[in-house]
Amino acid sequence: MAVYGASIFLAMQPCDPSSAFFGFMGVTSAIVFANMGAAYGTAKSGVGILSMGVMRPDMVMRSIIPVVMAGVLGIYGLIIDGCPPLKKCRRSTTAAVPGGVVS
């Protein structure tokens, strides 16, 4: 990570305010779609468990695995999509410093 002096930070201009809005809307849509997909997978797996209970009652416990996996996908969808890496949202108006270090 580069070390910046106070003069570099004062020379930087902040980002456009709409970039924060679109960033948060992207995170929101990712979380919503991850949870909708997990809910759909859980519902379809539940229908499969019900039909398995009618057709082959001895294999009901084995058919629980897709429900667990759908829940895991919902949780990891929240973790992966909802927590993007933090990036600096400032553009430098000064010339690039060789090596990226300002002393």
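**Notes on the predicted model**

1. Let's start with Val-32, which counts as partly exposed because its relative accessibility is 38%. For the wording, buried means under 20% relative accessible area, exposed means over 50%, and partly exposed is what falls in between, using a 1.4 Å probe and protein chains only. Val-32 sits in helix H2.

2. Some ground rules before going on. This is a predicted model, where local features need pLDDT of at least 70 and side-chain atom pairs count only at pLDDT 80 or more, while totals for chains, interfaces and linings use all residues. Residues are numbered from 1 along each chain as its sequence is written, and side-chain values use heavy atoms, with hydrogens and water left out.

3. Now the overall layout. The protein has three helices and two strands, and from the N terminus they come in the order α-β-α-α-β. Helices here are DSSP runs of H or I with at least four residues, strands are runs of E with at least two, and both are numbered from the N terminus. Helix H2 covers residues 17-55, and helix H3 covers residues 65-82.

4. How much of the chain is buried? Of the 103 residues, 14% are. The protein exposes about 8000 Å², with 73% of that coming from carbon and sulfur atoms; the areas are Shrake-Rupley values with a 1.4 Å probe, and for residues only the protein chains shown count as cover. As for contacts (heavy atoms within 4.5 Å), take those between residues at least 6 apart in sequence: 79% of them join residues at least 24 apart.

5. The UniProt record, an unreviewed entry, places the feature "transmembrane region" at residues 20-40 and 60-79. UniProt positions are in the numbering used here, feature names are shortened, and annotations may be inferred rather than shown by experiment. In the model, residues 20-40 are 100% helix and 0% strand, with the end C-alpha atoms 30 Å apart.

6. Gly-74 deserves a look. This glycine belongs to helix H3 and counts as buried because its relative accessibility is 5%. What does Gly-74 touch, leaving aside neighbours within four places in sequence? The partners are Ala-34, Asn-35 and Ala-38. Ile-31 is 43 residues away from Gly-74 in sequence, yet their C-alpha atoms are 8.6 Å apart.

7. Ser-45 is in helix H2. With a relative accessible area of 14%, Ser-45 is buried. Not counting residues up to four places away in sequence, this serine touches Pro-66 and Val-67. Is Ile-65 buried or exposed? Ile-65 is exposed, because its relative accessible area is 51%.

8. Next, the aromatics. Searching the whole structure turns up one aromatic pair. Phe-21 and Phe-22 make that pair, edge-to-face, with 5.2 Å from centre to centre and 70° between the planes. Rings of Phe, Tyr and Trp (its six-membered ring) pair if their centres lie within 6.5 Å; planes under 30 degrees apart are stacked, over 60 edge-to-face, and the rest tilted. Phe-21 counts as partly exposed because its relative accessibility is 48%, whereas Phe-22, at 57%, counts as exposed.

9. Together with Met-25, Phe-21 and Phe-22 make a nonpolar surface patch of about 350 Å². Patches take residues with over 30% relative accessible area and no salt bridge, joining like charges within 9 Å and nonpolar side chains (Val, Leu, Ile, Met, Phe, Trp, Tyr) within 5 Å. Phe-22 is part of helix H2.

10. Last, charge pairing. How many salt bridges does a search of the whole structure find? There is one. A salt bridge here is a side-chain nitrogen of Lys or Arg within 4 Å of a carboxyl oxygen of Asp or Glu. The pair is Asp-58 with Arg-56, at 3.8 Å from N to O. Asp-58 counts as exposed because its relative accessibility is 61%, while Arg-56 is partly exposed, with a relative accessible area of 42%.
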